[in-house]
Amino acid sequence: MSSKLATTLATYVFLLDRAGVAPNAGPVADAMGRLRAATEGFDALGDALAKAVAAGLGGESAGDVAGALRTIYGDRVRDGFGAAADREGRLGAIRRAAFGSPLPWLARIAERTADGGVGLSWVLVERLDEEVRVMDPNPWDGKDEERALPDRKSTRLNSSHLVISYAVFCLKKK
């Protein structure tokens, strides 16, 4: 399992916590509590949060990520965006969830690698508008690393978008 995935999920936990959505009791909640209360040592505490998240991950599949998120957040996790029979239906479900919540959401995307190949990675999506904005993977380190996902055909998320897949997770509205 990739440490990048654990860091991405730890970042998700961190950002949700900052938005008032605390993890359920357990090792991840304990690590998040230490990070929340800290006045220094953020890198080490962020790494500790990522390790706590990694301990609950069995792999990198959508099922593994869903299982880890359900352990951390219980029934507040929303998934199943790929249940629609056609591409437009799946995109519509993702758009409704993304536009209906101010919280970031987690998506598995396929994007070009430096060598020209295509690789899968998990990213946090901050918002959808004229482009897809991917969040800073380590918000506790003080470096701004937000980026936009490029699309050669269009900057809108539509059925021709090259970098979206349907393993998407967000939190349910209360």
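Okay, ground rules. Residues are numbered from 1 along each chain as its sequence is written, and side-chain values use heavy atoms, with hydrogens and water left out. Since this is a predicted model, local features need pLDDT of at least 70 and side-chain atom pairs count only at pLDDT 80 or more, while totals for chains, interfaces and linings use all residues.

So, confidence. pLDDT is the predictor's confidence in each residue, from 0 to 100. The protein chain averages 75, with 66% of the residues at 70 or above. Helix α2 does best, at 95, and strand β6, residues 168-171, comes lowest with a mean of 54. (Helices are DSSP runs of H or I, at least four residues, strands are runs of E, at least two, and both are numbered from the N terminus.) Over residues 151-167 pLDDT stays under 50, though the model has 48 contacts there beyond four places in sequence; contact means heavy atoms within 4.5 Å.

Now, how do α2 and α3 run relative to each other? The axes of α2 (residues 27-37) and α3 (residues 42-55) come within 8 Å and cross at roughly 170°. Those axes are lines fitted to C-alpha atoms over the stretch in contact, with angles from 0 to 180 degrees between N-to-C directions. The two helices are therefore roughly antiparallel, a label for angles over 145 degrees. On the α2 side the contact includes Val28, Met32 and Leu35, and on the α3 side Phe42, Leu45 and Leu49 are among the residues.

Next, the salt bridge, meaning a side-chain nitrogen of Lys or Arg within 4 Å of a carboxyl oxygen of Asp or Glu. A search of the whole structure turns up one: Asp17 with Arg36, at 2.6 Å, N to O. Asp17 sits in helix α1 (residues 3-18) and Arg36 in α2, so the pair ties together parts 19 residues apart in sequence. Asp17 is buried, at 11% relative accessible area, whereas Arg36 is partly exposed at 49%. The cut-offs: buried is under 20%, exposed is over 50%, partly exposed is in between, using a 1.4 Å probe and protein chains only.

Leu120, in strand β3 (residues 118-128), is exposed at 56%. Beyond its neighbours within four places in sequence, Leu120 contacts Arg108, Ile109 and Ala110.

Methods:
Angles under 35 degrees count as roughly parallel, over 145 as roughly antiparallel, 65 to 115 as roughly perpendicular and the rest as oblique.
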